[in-house]
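I opened this model to look up how its chains are built and where they meet. These are my notes, in the order in which I made them.

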Amino acid sequence: MEVEKELVTPGEVLGLGSDFKAGKGAYFSPDTKTIYASLTGFRSIIPPPIDATDQRPTVEVSGHKAHGAVPEPGSIVIARVTKVMARMASADIMCVGSKSVREKFTGIIRQQDVRATEIDKVEMHASFRPGDIVRALVLSLGDARAYYLSTAKNELGVVSAESAAGGEMVPISWTEMQCPLTGQVEQRKVAKVGA
Amino acid sequence: MAGKRGATPATYSPSLTTAKGKKKPPIFTDDANWVRSDGRHFHQCRPAFLRIATVNSASGSAYAEFGNTKVIVSVFGPRESKKAMMYSDVGRLNCNVSYTTFATPSRGQGSDNKDFSSMLHKALEGAIILESFPKTTVDVFALVLESGGSDLPVIISCASLALADAGIMLYDLVAAVSVSCLGKNLVIDPISEEEVYQEGSFMISCMPSRNEVTQLTVTGEWSTPKISEAMDLCLDACSKLGNIMRSCLKEPLSAPEE
Amino acid sequence: MVGLSVGEKHFIKGGIEQNLRTDGRKRYTYRPIYVETAVIPQANGSARVKFGATEVIASVKAELGKPSPSYPDKGKVLIHVDCSPTAEPAFEGRGGEELSSELSVALQRCLLGGKSGAGAGIDLSSLSIVEGKICWDLYIEGLVVSSDGNLLDALAAAIKASLSNTALPKVQVSSAASDEQPEVDLSDEEFLQFDTCGIPAIVTLTKVGKHYILDATSEEESQMSSAVSVSVNRQGRICGLTKRGGAGLNPSVIHDMISVAKHLSEQVINKLDSEIAAAEAREEDVP
């Protein structure tokens, strides 16, 4: 099934719904029972996994220029903390997965989403400071203003922070970071990086 | 105007003033012999020039030139919706059409262009898979550099190219074409001059591959057979325009291969 | 916004499928139409129109003005619609503005024809008094008092009723000097009745599922995929067409909708005319 390098644009017919499943960059129209392209790119066909019950191959559009990254529930984001309040911290999302966003999206980390344990004893000011770079998980689309983020996992939390003296701080435990210039210890919800 | 007045001395019009109301330049007579000022046939569109990715800072952009009508459209986003907006499960489309001050012979914008933004929105929203970018907004900014007639259809077609260039998921491209009714004749893709004298206008925007009409506006008085004729004419032109738009989108991708 | 449960939505859609709508109407039946004329004493003409729970008021004010240089032999007509937040909380602020301008544009398109004034339901040259100098400016204002769907049809009906109620004072032009602004004298006794036979009716067909319905309530409108408003005059000619709703329509469906609208328009125009006549008769009975 090597039908490669066929260029398609949005609206072009990729195949019949009875023969294929719609993959990325494609959609199925129930009215006409046809699969159309929704992006510009190359039509490619992916054979179904051997053990799948549905033996139709998937047709998708690849090699296209995708639109800018948009946070979705479940995606891992890199965000910069902008404001820390008693019950939540707000942060600007800068990267979604490995892609940087063109324009920032606002997210908030609520008190109950900072860590997995003793969530009622979380002290927001002892977890984040404005300017910290955090890795977080998008919990939900949130409300009209912001996405809800969570750092309640070992690998999530502050990945980079600057001390009051201006040094790049070094993590010393999952709750503390130390300034290499002054030796001062500051409290953070530290992410476990590289493990 | 003077010629017309002399030619019809005995009309049933109650006064001279109403007779003069039908002033037309000599070329726009009811017979089928007049030639369009740019030498086209009645059912012939202007040559179209289309280009995508013309604005670097935008997520997607397109430039369209249909005769003297020149339009540039930039698409930004999907980006964060304005704070004042309500939460929405699906994406939002925000359209804005503006004219340069030098777009028309008389400086300043005509008031008839005010509703173009909402017309553009209505023509495009049915073609965008809004579910693919929840909560965020896609902004479409259209700027008419030169207004040479059939502005709105050119804006719509150009905007759909810009959306495709931005990688926004679309059900189909949107191609739009208008016809003017001048006397007995239907004139496709009218220029400004023809639009001034038109008795009726008909604009359709459709998704050529799905054969669905996203927006349709009619002004003036039309009989049903004439509407059908105009619709067939436009749909045929839309599907041809759609093909031109597709080849424009494919151009940058297919070039490095050879 | 109309908040409906899944069951209610299903009920509405199912009813339309079976040609029996929630209020007992068939697909192509109007709600009871009520017309009252001369409701605003300050205006030259006014009318109140009710389509079931939808209630709109239209008023016509006439002022003497100067014709625009490009059309010296024509009067001017301005149509504006106001959606008051008293009708629905959603009309407050931007939501109302958007709807207002959408309705205004649609009415302008349907009643005033193209840019050159061709195909207009209102004969603009009849508003001219002295060519290039004086003409009547008609300010038509629509107000949505209570909103329960099908606003456009109701507004068009109200405008027609208010225009037929409009009386323009007879104008005496005294000075005839060609380059001066002529002096005019408005008569208090003699009035000219406005001719409304050319004014089209707007028939909106709302598509819900596979079928289309006439005179949709707001609950039914919330379930629509798209709506086509066709304005048809007495001669059965189409004077304007607008489409609402984002979903695409097959061209054959549009053809069908136009012919259905045209077919229905005749009965709508007749019904409306008799209601207007009845309202005017009632008005005359009141001493």
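Entry 1: I began with residues 7–45 of chain A, where the chain is 0% helix and 54% strand and the end C-alpha atoms are 13 Å apart. For the terms, I noted that helices (H or I, at least four residues) and strands (E, at least two) are DSSP runs, numbered from the N terminus. UniProt, in an unreviewed entry, gives these residues 7–45 of chain A the annotation "domain: Exosome complex component N-terminal". I keep in mind that UniProt positions are given in the numbering used here, that feature names are shortened, and that annotations may be inferred rather than shown by experiment.

Before going on, I wrote down that this is a predicted model, in which local features need pLDDT of at least 70 and side-chain atom pairs count only at pLDDT 80 or more, while totals for chains, interfaces and linings use all residues. Residues are numbered from 1 along each chain as its sequence is written, and chains are lettered from A and ligands numbered from 1 in the order in which they are written.

**Entry 2: a sheet in chain A.** I then traced an open sheet of four strands in chain A, with the order S1-S6-S7-S3 and mixed pairing; two strands pair if DSSP finds at least two bridges between them. Strand S1 (6–8) and strand S3 (21–22) of chain A are at the edges with a single partner strand each, so one side of each has no neighbour in the sheet. S3(A) runs parallel to strand S7 (residues 58–62) of chain A and is joined to it by two bridges, and I found A:Thr58 in S7(A) as the bridge partner of A:Lys21.

Entry 3: For residues 99–141 of chain A, an unreviewed UniProt entry has the annotation "domain: Exosome complex component CSL4 C-terminal". This span is 0% helix and 47% strand, and its end C-alpha atoms lie 19 Å apart.

**Entry 4: where chain A meets chain B.** I looked up the contact and found 25 residues of chain A against 31 residues of chain B, where two residues are in contact if their C-beta atoms, placed from the backbone, lie within 7 Å. Strand S10 (residues 99–110) of chain A gives the largest share of the side of chain A that touches chain B, namely four residues. By class, that side of chain A has 11 nonpolar, eight polar and six charged residues; Ala, Val, Leu, Ile, Met, Phe, Trp, Tyr, Cys and Pro count as nonpolar, Asp, Glu, Lys and Arg as charged, and the others, Gly among them, as polar.

**Entry 5: a sheet from chains B and C.** Next I followed an open sheet of eight strands, antiparallel in its pairing, in the order S7(B)-S6(B)-S8(B)-S9(B)-S12(C)-S11(C)-S9(C)-S10(C). Its edge strands, each pairing on one side only, are strand S7 (185–188) of chain B and strand S10 (211–214) of chain C. Where do the chains join? Strand S9 (residues 212–222) of chain B and strand S12 (residues 238–244) of chain C run antiparallel and are joined by three bridges, and B:Thr219 has C:Gly240 as its bridge partner in S12(C).

**Entry 6: helices of chain B.** Helix H3 (residues 116–125) of chain B packs on this sheet and touches strand S6 (175–182), strand S8 (200–207) and S9 of chain B. Helix H4 (residues 151–165) of chain B lies across S6 and S8 of chain B. The axes of H3(B) and H4(B) come within 10 Å and cross at roughly 50°; axes are lines fitted to C-alpha atoms, for helices over the stretch in contact, and angles run from 0 to 180 degrees between N-to-C directions. H3(B) and H4(B) are therefore oblique to each other, since angles under 35 degrees count as roughly parallel, over 145 as roughly antiparallel, 65 to 115 as roughly perpendicular and the rest as oblique. The residues of this contact divide into nine nonpolar, one polar and no charged.

**Entry 7: where chain C meets chain B.** Last, I noted that this contact takes 33 residues from chain C and 37 residues from chain B. Helix H2 (94–112), S12 and helix H5 (251–285) of chain C each supply at least two residues of the side of chain C that touches chain B.
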